[in-house]
Amino acid sequence: MKKSFKKVILTAVCACMMAFTAVGCGGDSGSDTGNNAQTGQIDKAESLSGYYFATGGTNIYVNQKMEDVLSSLGEPVQYFESESCAYQGMDKTYTYNSFIIKTYPENDVDYVLSVSLRDDTVQTPEGIAIGSSKSDVTTAYGAGEESGSALVYTKDQSRLTIIFDGDSVTSIEYSAVQ
Amino acid sequence: MLFTSYSFIAFISLLFLLYYIIPKKGQWPLLLFASYLFYFLCDWRYLIFITVTSVSTYLFGIAIDKVNVRQDEYIKEHKKELSKEDKKIYKAGMKKKRFRLILMCLVLNIGILAVIKYTNFTINNINGIMHAFGSDNTIGFVDIIIPMGISFYTFQSMGYIIDVYRGTYKPERNIFKFALFVSFFPQLVQGPISRFNDLSKTLYAEHKFDIKVFTFGVQRILWGFFKKLVIADRIVVAINILKDNPEQYGGAYVFVLMMFYAFQLYADFTGGIDITIGVAEAMGITVAENFNRPFFSKNIKEYWNRWHITMGTWFTDYIFYPISVCKPMLKLSKASRKHLGEVIGKRVPVYLSAFVVWFTTGLWHGASWNFIVWGLMNFVVIMISQELKPLYVRFHNRFNVDGKRWYDGFQVIRTVLLMSAIRMFDVYRDVPLTFKMVWNMVTDFRISSLWSSTMLNLGLDIADYIILFAGLIILFTVSMLQRRKAVRERLWDKPAVLNCFVTWLLLISIVLFGAYSIGYDSAQFIYNQF
Amino acid sequence: MKKRKIRIIIALFLVFTIVSMWLLQRLVVPKYNKGIVEGAFAAEYYEETTDHDVIFIGDCEVYENFSPITLWQEYGITSYIRGGAQQLVWQSYYQLEDTLRYETPEIVVFNVLSLKYNEPQSESYNRMNIDSMRWSSSKYNAIKASMTEDESMIEYMFPLLRYHSRILDLTADDFKYMFSSEKVTHNGYYMRVDVKPEGDFPEPDILADYTFGENAMSYLDKMTELCKENGIELILIKAPIKWPYWYPEWDEQMVEYAEENDLVYINMIELADEIGLDYSTDTYDAGLHLNLSGAEKLSKYFGEYLVENYDLEDHRNDEELCKVYQEKIDFYNDMKEQQYYELETYGKLISFGAEAIED
């Protein structure tokens with residue numbers, strides 16, 4: 001009986017599959033407005049998206065596991081760690097030649113909190129480096145949101161902050177949106 | 001305002017207090033005020049929508065009734081002059097008038113619902129089709145607010161207008177009373193869909209404080225919180241991880257997800273309804289039951305008679321029935337019998353009506369293909385089991401299993417599994433993935449994969465599993481006890497100390513073991529988006 | 001008759017429920033008695049029996065860097081530190097407001113680092129700094145000003161709602177300290193004797209905006225105002241700690257602010273040599289906080305500054321105060337001894353700091 005029951009399901013599944021291929025295009029349209037109310041926590045490992053910095057064939061995303069970054073970048077030039085007050089976790093800073101990576105801990109794992117570019121030997125994948133002009137930036141990224149002397153761009157869980165001194169970029173930082 | 005928010009608890013506490021200290025005459029107006037306040041606190045713009053529905057339905061109801069009254073008076077006055085034929089013609093004319101009125105009302109209100117809920121879904125599908133034909137154009141989505149519970153109150157109002165149209169009952173003359181019927185706040189969040197003649201019996205009545213009634217209400221609310229906070233919200237973490245990472249969790253984990261989702265949905269939905277009914281009950285108001293221990297059903301049909309009952313009967317009364325007896329359908333029935341023979345011909349209209357019902361049921365649940373396919377799967381399974389019925393009967397007779405306890409158990413488990421499998425369509429992000437995962441579950445089911453520590457990586461630790469397990473045992477036990485007599489009744493008959501102790505225990509376990517406050521996902525009731 | 005019976009039952013039920021909830025609340029709230037003791041600081045102040053000349057307020061840069069015991073021993077100054085971990089400026093302000101309910105000091109010293117935070121930051125720090133305050137409008141306002149998005153007032157009023165899930169990981173300490181607690185600070189000073197030399201700080205970030213936020217500054221204004229109203233001298237300081245980085249742009253703003261409001265502002269980073277700080281021996285965590293030796297040096301220096309510039313009485317002749325402070329000195333010395341003992345025996349502190357495990 002159980003077997004035939006299984007068969008019934010399988011046939012039904014197949015039948016529906018066929019019926020569904022006819023509708024085809026609607027497949028991925030399951031608009032998420034109705035699809036399940038639960039706003040789930042996204043597993044960190046799965047959510048590498050948004051702006052990223054690329055250097056020597058390595059892409060660095062915010063919220064990425066630092067372990068993975070370290071294994072491809074190698075040891076930093078300088079390393080600094082500071083225990084936050086009342087032991088709420090160890091914040092770590094990895095200084096490489098042209099950029100600095102900071103991490104934050106969560107459940108004993110360090111994730112990338114921010115990447116800041118320090119000089120003009122590196123640039124963003126979109127071609128912006130320290131010293132670029134404001135119009136270069138807006139051409140590459142769009143208008144952005146102004147904040148002090150900076151333009152801020154947000155994509156998914158990442159934020160790109162580009163700071164200007166007059167018309168020229170003085171700082172580029174990728175950071176995780178908390 | 002969510003049921004499980006502190007503000008809701010404060011809101012109902014204050015309301016209960018006011019409800020019983022003000023003059024009894026003021027009770028239902030207070031409820032109307034509270035309901036509108038409740039809606040206002042969620043988002044003031046919601047008020048516009050619910051007011052439009054209330055006022056329009058109210059006016060159309062009166063108008064339809066007027067036509068009826070006029071008809072009766074006319075016939076009475078001209079009794080002698082009118083021939084039978086004249087009467088018929090006159091009546092048909094009046095019927096047309098009524099029909100025009102109800103049509104306007106339905107189009108207006110269902111139109112609002114459709115625009116609000118389905119615009120973006122339609123745009124998405126148009127984009128998909130255009131894409132399929134090689135067009136790069138895309139239509140942008142529209143930013144529309146979806147008033148909380150719009151599906152529920154729209155359906156409730158439409159049920160009312162159809163009943164008035166059919167002459168089941170007279171329309172409500174007091175617009176404020178009617179507005180309360182539409183907006184009664186405990187129902188706004190996630191139903192049930194009440195009938196006017198049912199709810200109005202107690203909704204407008206004057207209620208004296210009765211300790212038993214009040215205690216029962218509060219106990220029911222607590223029970224709802226227990227289901228919702230201790231079970232549903234705890235398990236939801238694991239569900240999210242499982243469904244968001246399908247590559248990682250296939251095979252037996254799909255089954256785990258399936259069962260977790262079944263428990264979660266049940267606890268969440270019935271818990272919410274318990275709170276709704278409990279809040280009403282504490283004020284002496286009787287709201288229709290929406291569940292009747294659905295997981296003890298022996299087949300899908302029975303299941304749908306016991307799960308989300310008010311929705312099921314709504315679809316039967318206001319969609320299935322009218323479609324089955326409408327003229328085109330009768331014609332079709334006749335034609336198909338003639339051309340396809342008795343056996344198939346008889347089925348065509350039934351199938352067609354059922355198809356429409358399940359399609360709309362799916363669509364009603366959510367503007368996505370997931371829900372539509374889910375609805376149609378129910379249709380398919382119900383139709384298949386209908387067709388196989390003679391086979392079952394033969395099987396039952398031959399092996400003499402009918403009524404045997406183990407066979408009942410088998411049927412119950414089978415139904416739960418089947419329903420849970422179908423429900424997977426509203427779990428995964430899209431339909432093809434659901435097929436893929438269910439297929440993966442069947443073909444790659446390795447129970448051994450569960451024994452690794454992976455079960456502890458789902459956001460639940462041992463303590464969580466123990467609490468969940470205990471919670472489910474309690475749920476099951478209560479369900480079993482309920483079969484003969486309501487648990488609250490049983491407790492009431494026992495010494496007060498025991499009753500108090502059980503209530504205290506329930507309260508304490510909610511406070512201590514509920515998955516609320518920071519660190520837990522504040523998952524909304526699944527059903528309040530419908 | 002029957003009605004009366006029902007009423008009695010309901011009343012009993014309510015009392016029983018409230019009492020049991022209260023007991024559970026006492027049980028599940030974090031005790032902060034070992035390891036992370038910062039959460040116990042705010043409450044300890046209420047156990048003080050005597051008034052103070054000087055009140056320090058601020059973040060870790062006050063409670064780890066100044067030793068009131070040294071101030072007493074060297075200059076007869078009575079002082080108390082009302083500081084907390086990452087205590088935000090509004091929390092400091094309300095702690096000051098709270099303090100003024102109990103006493104009016106001559107001098108209030110505020111460490112300005114926290115001005116860099118203009119918005120609520122973290123729930124756990126909020127909890128540590130506010131939870132153990134006594135209920136008053138100050139506490140209420142401190143909560144209102146500090147709450148992050150997910151927090152709610154009701155969970156501060158009834159911490160059981162916030163901490164209920166701790167029921168699953170209670171320790172023996174939770175029972176032991178259910179109704180009482182042990183002292184963990186020395187008039188608000190958090191003692192550490194271990195040494196970890198200052199590290200190699202990374203380059204500071206470039207900021208888009210160096211101006212302190214309006215919200216933060218408004219609380220500094222309120223603080224200034226409150227001190228003026230009560231005839232208290234307000235001294236602004238930046239503790240001699242180089243990391244987190246104190247930008248020159250920030251410093252300028254402080255200098256300006258002090259001038260405008262006729263206040264004293266001392267940037268002690270520049271005075272490190274004068275103070276005699278040796279960052280290779282005077283810090284316990286690579287330069288973020290001073291250890292006992294550093295704190296005593298700084299306190300001696302600052303005490304002298306206070307005595308020279310303000311009209312403070314030397315209380316060391318006051319017998320009653322002497323008695324009170326002798327007890328404090330004993331506790332201070334005992335803890336010092338134990339810490340040195342642990343350091344010698346185990347090479348590290350085992351019952352203080354991060355590695356201390358709750359019983």
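Reader: In this model, what percentage of the 178 residues of chain A count as buried?

Author: The model is a predicted one, and its chain A has three helices and 10 strands, arranged along the sequence in the pattern α-β-β-α-β-β-β-β-α-β-β-β-β. Among contacts in chain A between residues at least 6 apart in sequence, those that join residues at least 24 apart make up 39%. Of the 178 residues of chain A, the share that counts as buried is 31%.

Reader: Which strands of chain A stand at the edges of the open sheet of eight strands?

Author: The eight strands of this open sheet in chain A follow the order β3-β4-β5-β6-β10-β9-β8-β7, with antiparallel pairing. A strand at the edge pairs on one side only, and this holds for two strands of chain A, namely β3 (78-83) and β7 (145-147).

Reader: Within chain A, which residue of β6(A) is the bridge partner of A:Lys102?

Author: Strand β5 (residues 99-106) and strand β6 (residues 109-117) of chain A run antiparallel and are joined by eight bridges. Helix α2 (residues 66-73) of chain A lies across both β5 and β6 of chain A, at about 60 degrees to β6(A). In β6(A), the residue that partners A:Lys102 is A:Ser114.

Reader: Turning to chain C, why is one side of β2 and of β5 left without a neighbour in the sheet?

Author: The open sheet of chain C has five strands in the order β2-β1-β3-β4-β5, with parallel pairing. Because β2 (79-83) and β5 (264-267) of chain C stand at the edges, one side of each has no neighbour in the sheet, and each is left with a single partner strand. From one strand to the next, the twist averages 20 degrees.

Reader: What angle does the direction of helix α12 of chain C make with that of β5(C)?

Author: Helix α12 (residues 248-261) of chain C packs on the sheet, where it touches β4 (233-238) and β5 of chain C.

Reader: How many bridges join β3(C) to β4(C)?

Author: On one side, strand β3 (residues 107-111) of chain C runs parallel to strand β1 (residues 54-58) of chain C and is joined to it by four bridges, with C:Val54 partnered by C:Ile107 and C:Phe56 by C:Val109. C:Ile107 also stands opposite C:Glu233 in β4(C). The strands β3(C) and β4(C) likewise run parallel, and the number of bridges that join them is five.

Reader: Which residues of β3(C) cover its two faces?

Author: In a regular strand, side chains alternate between the two faces of the sheet. Five of the five residues of β3(C) are buried, so the strand is largely enclosed by the rest of the structure. Both faces are covered by buried residues, with C:Ile107, C:Val109 and C:Asn111 on one side and, on the other, C:Val108 and C:Phe110.

Reader: Is C:Lys300 buried, exposed or partly exposed?

Author: C:Lys300 lies in helix α14 (residues 292-309) of chain C, and, leaving aside residues up to four places away in sequence, it touches C:Thr70 and C:Glu74. C:Lys300 and C:Trp72 are 228 residues apart in sequence, yet their C-alpha atoms lie 9.9 Å apart. A buried residue would need 20 or more C-beta neighbours within 10 Å, and an exposed one 12 or fewer. With 18 such neighbours, C:Lys300 therefore counts as partly exposed.

Reader: Which helix of chain B gives the most residues to the side that touches chain C?

Author: The contact joins 13 residues of chain B to 20 residues of chain C. By class, the side of chain B that touches chain C has 11 nonpolar, two polar and no charged residues. The element that gives the most to this side, with seven residues, is helix α20 (residues 496-513) of chain B.

Reader: Within chain B, which helix supplies the largest share of the side of domain 1 that touches domain 3?

Author: The domain assignment of chain B places domain 1 at 6-208 and domain 3 at 294-429, and their C-alpha centres lie 28 Å apart. The contact takes 13 residues from domain 1 of chain B and seven residues from domain 3 of chain B, and the domain 1 side divides into seven nonpolar, five polar and one charged. Helices α4 (84-132) and α5 (150-166) of chain B each supply at least two residues of that side. The largest share, five residues, comes from α5(B).

Note on methods:
Residues numbered from 1 in each chain as written. Chains lettered and ligands numbered in written order. Predicted model: local features only at pLDDT ≥ 70, side-chain atom pairs only at ≥ 80, totals over all residues. Pairing = 2+ DSSP bridges. Axes fitted to C-alpha atoms, helices over the stretch in contact; angles between N-to-C directions. Contact = placed C-beta atoms within 7 Å. Domains from an automatic or database assignment. Nonpolar A, V, L, I, M, F, W, Y, C, P; charged D, E, K, R; others polar.
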